[in-house]
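Hello,

Here is the structure I promised to pass on. Please open it first, then read my notes below.

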Amino acid sequence: PKSCKIELTATCNYRCGFCMKSQRPDAGEMDRALYSRLIREMRVAGVDELGVFFIGESFSCKWLPDAIREAKDVGYPYVFLTTNGSLACPEKVKACMDAGLDSLKFSVNFADDRQFADVTKVKPSLYRKALSNIKAARKIRDDGGYKCGIYASSIAFDGEQGDKMAAIMSEVAPYCDETYRLPCFS
């Protein structure tokens with residue numbers, strides 16, 4: 001494959017019932033030596049794009065910026081990351097952009113803080129925190145002259161939920177290079 005994702009951490013600060021984490025409640029971080037070996041083997045095998053995320057929330061990983069920097073040093077032309085956004089505070093985002101992150105995507109799947117709290121089983125204030133972090137990421141990117149793309153995705157709901165999601169995506173769209181909808185798989 002030309003593009004692979006690697007899970008730095010199985011830890012997530014949300015407890016969404018629809019997520020694989022609800023069926024696989026493990027936590028913890030990947031061994032750094034294993035990460036170093038795997039990214040080198042994948043690069044030699046022809047992988048050009050490395051996603052430093054999978055099921056866990058990568059911004060909970062203390063060595064995320066180091067993982068990005070190492071991947072860039074190994075020669076990956078494109079390093080990307082998807083986040084729920086709540087832990088993507090400005091300091092961490094800046095560190096990742098300093099390390100060479102090429103793409104930062106925020107997964108926006110809730111129309112409001114009530115729906116967010118019902119589904120994620122965490123405090124509703126994290127909803128606005130995640131949205132605020134999207135806006136902050138754009139400012140960091142622009143002020144620092146970084147080449148990192150900023151994106152937001154949502155699930156392509158229809159009907160009333162689709163209308164609510166369109167409204168929240170229009171709020172974040174000015175801070176993103178692109179927003180798009182992913183199909184609803186269940």
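Let me start with charge. The chain carries 27 positive and 25 negative side chains. The centres of these two sets lie 2 Å apart. Keep in mind that this is a predicted model.

Next, the fold. The chain has 6 helices and 6 strands. Read from the N terminus, the order is β-α-β-α-β-α-β-α-α-β-α-β. The radius of gyration is 16 Å, close to the 16 Å that the globule rule gives for 186 residues, so the chain is as compact as a globular protein of that length. Along its principal axes, the C-alpha trace spans about 50 × 40 × 30 Å.

Now contacts and surface. Take the contacts between residues at least 6 apart in sequence: 77% of them join residues at least 24 apart. Of the 186 residues, 46% count as buried. The chain exposes about 9200 Å², and carbon and sulfur atoms supply 55% of that area.

Last, the aromatic rings. There are 5 aromatic pairs. One of them is Tyr35 with Trp63. Their ring centres are 5.4 Å apart and the planes meet at 65°; over 60 counts as edge-to-face, so this pair is edge-to-face. The two residues are 28 apart and link distant parts of the chain. Tyr35 is in helix α1 (residues 32–44). Trp63 is in the loop between β2 (49–51) and α2 (64–74).

Are these two residues buried or exposed? Buried means under 20% relative accessible area. Tyr35 has 0%, so Tyr35 is buried. Trp63 has 7%, so Trp63 is buried too.

Also look at Phe53, Tyr78 and Phe80, which form one aromatic cluster.

Best wishes

Notes. Residues are numbered from 1 along each chain as its sequence is written. This is a predicted model: local features need pLDDT of at least 70, side-chain atom pairs count only at pLDDT 80 or more; totals for chains, interfaces and linings use all residues. Side-chain values use heavy atoms; hydrogens and water are left out. Helices (H or I, at least four residues) and strands (E, at least two) are DSSP runs, numbered from the N terminus. The radius of gyration is taken over C-alpha atoms; the globule rule is 2.2 Å times the number of residues to the power 0.38. Buried means under 20% relative accessible area, exposed over 50%, partly exposed in between (1.4 Å probe, protein chains only). Contact means heavy atoms within 4.5 Å. Accessible areas come from the Shrake-Rupley method with a 1.4 Å probe; for residues, only the protein chains shown count as cover. Lys and Arg count as positive and Asp and Glu as negative; His and the chain ends are not counted. The place of a charge is taken as NZ of Lys, CZ of Arg, CG of Asp or CD of Glu. Rings of Phe, Tyr and Trp (its six-membered ring) pair if their centres lie within 6.5 Å; planes under 30 degrees apart count as stacked, over 60 as edge-to-face and the rest as tilted.
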